[in-house]
Amino acid sequence: MEEKKEKDTIDLGLIAKTLYEKRKKFFIMWPIVAILSILWIIPQPRYYKCSVSLAPETNGDDMGGGLASMASSFGINLGGNSSDAIYPLLYPDLLGSNKFIVSLFDIKVKTDDGTVDTDYYTYLTKHQKKNWLTQPFNKAKNAIVKLFKSEENTTRGNGKKIEAFRLSERDYKLVEKVKTNITCDVDKKTDVVTITVQDQDRLASAILADSVKQRLQDFIIEYRTSKARLDLNHYEGLAAEAKKEYDASIAKYSDYCDTNQDIILQTSISERDKLEADMQLKYNTYTALCTQVEASKAKMQERTPAFTTLKTATVPIKPAGPKRMIFVVGMLFFSTFVMALWLSRKILITQA
């Protein structure tokens with residue numbers, strides 16, 4: 001039993017002694033790893049991050065509001081206290097949809113040095129910095145892929161717009177890249193929405209962050225007011241038609257009165273009264289519809305949500321990455337760990 005316990009125990013002192021005896025290999029490895037790590041990380045393009053935060057207004061029912069408030073204090077969002085199908089917890093899914101990402105491609109983007117002033121799609125496809133070390137490998141890979149694959153037609157050619165319903169392979173990869181650059185987080189307790197945009201240029205990241213926030217607000221406003229807008233358009237159409245009929249009845253009544261001004265026959269008087277009653281009826285209908293139009297406008301204004309911007313977009317000063325020193329130190333630690341395992345492999349195998 002004691003022999004078995006001894007076999008299960010690893011002699012750390014023996015491992016340390018072995019590593020100390022072979023310490024020269026570490027002194028040879030560390031400069032090589034450091035140089036290779038520096039050569040790899042230095043050409044990597046730096047990127048900046050810009051964040052904006054906003055608190056959206058929600059339509060909460062009074063009934064159950066106390067329960068929802070109590071649940072939110074424990075980090076639980078019941079979601080049932082809102083009459084909206086799209087509430088803040090679903091905003092990340094909305095921002096991650098292909099349709100929303102494609103709608104961002106027409107945003108005008110400028111770089112900090114002023115050399116680029118174009119739309120987001122062109123900026124992503126033609127003005128991105130790349131690691132020159134990986135370029136030969138990427139070109140070789142693309143050349144091999146083209147040998148076994150027919151060239152696809154891009155949906156952007158000839159003035160055509162990208163369709164989110166049917167993306168080309170190139171556009172699909174571009175959409176997936178944008179999804180990694182734009183993130184949305186929602187605080188379950190407060191419903192505060194934080195949008196973070198990552199980009200190689202600091203000014204472009206701030207422009208994109210502000211534009212994404214505005215696009216999200218426009219989408220939610222359009223969604224929340226869609227029913228009220230349809231009602232308003234419907235009543236405005238009815239009111240316009242009623243106005244035409246009312247104007248026609250006025251013209252008909254006035255023309256009849258002018259034509260039969262000196263006639264006192266009862267039939268003429270009856271016809272005049274009939275036209276006057278019809279004119280009054282058309283007027284009542286028109287005024288009722290005008291009242292309904294004003295009520296629909298008030299309803300749409302009521303349904304339009306308000307967004308409180310807690311943190312505005314500002315141009316970042318320092319890059320968010322890559323963390324070059326951390327990368328080099330991490331590679332040194334990793335290589336040291338691997339080398340230690342390799343040098344002590346015989347001891348570990350015999351004592352396992």
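## Basis of the description

A residue is called buried when its relative accessible area is under 20%, exposed when it is over 50%, and partly exposed in between, with a 1.4 Å probe and protein chains only. The model is predicted: local features need pLDDT of at least 70, side-chain atom pairs count only at pLDDT 80 or more, and totals for chains, interfaces and linings use all residues. Residues are numbered from 1 along each chain as its sequence is written, and side-chain values use heavy atoms, with hydrogens and water left out.

Helices (H or I, at least four residues) and strands (E, at least two) are DSSP runs, numbered from the N terminus. Contact denotes heavy atoms within 4.5 Å.

## Serine 296

Helix α12, residues 266-303, contains serine 296. With a relative accessible area of 7%, serine 296 is buried. Residues up to four places away in sequence aside, serine 296 touches Asp231, Leu232 and Tyr235.

## Nonpolar cores

In soluble globular proteins, nonpolar side chains tend to be buried together. A nonpolar core is here a set of buried Ala, Val, Leu, Ile, Met, Phe, Trp, Tyr and Cys residues joined through side-chain atoms within 4.5 Å. The largest such core comprises 37 residues, and Phe105, Tyr120 and Ile195 have the most contacts inside it. Two or more residues each come from β1 (48-56), α5 (91-95), α6 (98-103), α7 (120-126), α9 (169-181), β4 (182-186), β5 (193-199) and α10 (202-224). The greatest contribution is that of α10, with seven residues. Apart from this core lies another, of nine residues, including Phe26, Met29, Val33 and Ala340.

Neighbours within four places in sequence excluded, tyrosine 120 is in contact with Leu104, Phe105, Ile107, Val109, Val178 and Leu208.

## Helix α10

The 23 residues of α10 should span 33 Å at 1.5 Å a residue, and its end C-alpha atoms are 33 Å apart, in agreement; the expected span is 1.5 Å times one less than the number of residues. Buried residues of α10 include Ala204, Leu208, Val212, Leu216 and Ile220, together with Lys213, Gln217 and Arg224. At the start of α10, a side-chain oxygen of aspartate 201 comes within 3.0 Å of the backbone nitrogen of leucine 203.

## Salt bridges

A salt bridge requires a side-chain nitrogen of Lys or Arg within 4 Å of a carboxyl oxygen of Asp or Glu. By this rule there are 10 salt bridges. Aspartate 106 and arginine 215 form one of them, at 3.1 Å from N to O. This pair links distant parts of the chain, 109 residues apart: aspartate 106 is in the loop between α6 and β2 (108-110), and arginine 215 is in helix α10. Aspartate 106 is partly exposed at 47% relative accessible area, as is arginine 215 at 26%.

Lysine 179 and glutamate 176 also meet in a salt bridge, at 3.3 Å from N to O. These two residues are separated by about one helical turn because they lie three residues apart in helix α9. Aspartate 273 forms a salt bridge with arginine 272, with the closest N and O atoms 3.7 Å apart.

## Cysteines

A disulfide is defined as a pair of cysteine sulfur atoms within 2.5 Å, and a search of the whole structure finds zero disulfides. Cysteine 50 is buried, with a relative accessible area of 2%, and cysteine 184 counts as buried at 10% relative accessibility.

Key. A polar contact is a pair of N or O atoms within 3.5 Å; within protein, one must be able to donate a hydrogen and the other to accept it, and residues adjacent in sequence count only if both atoms are side-chain atoms.
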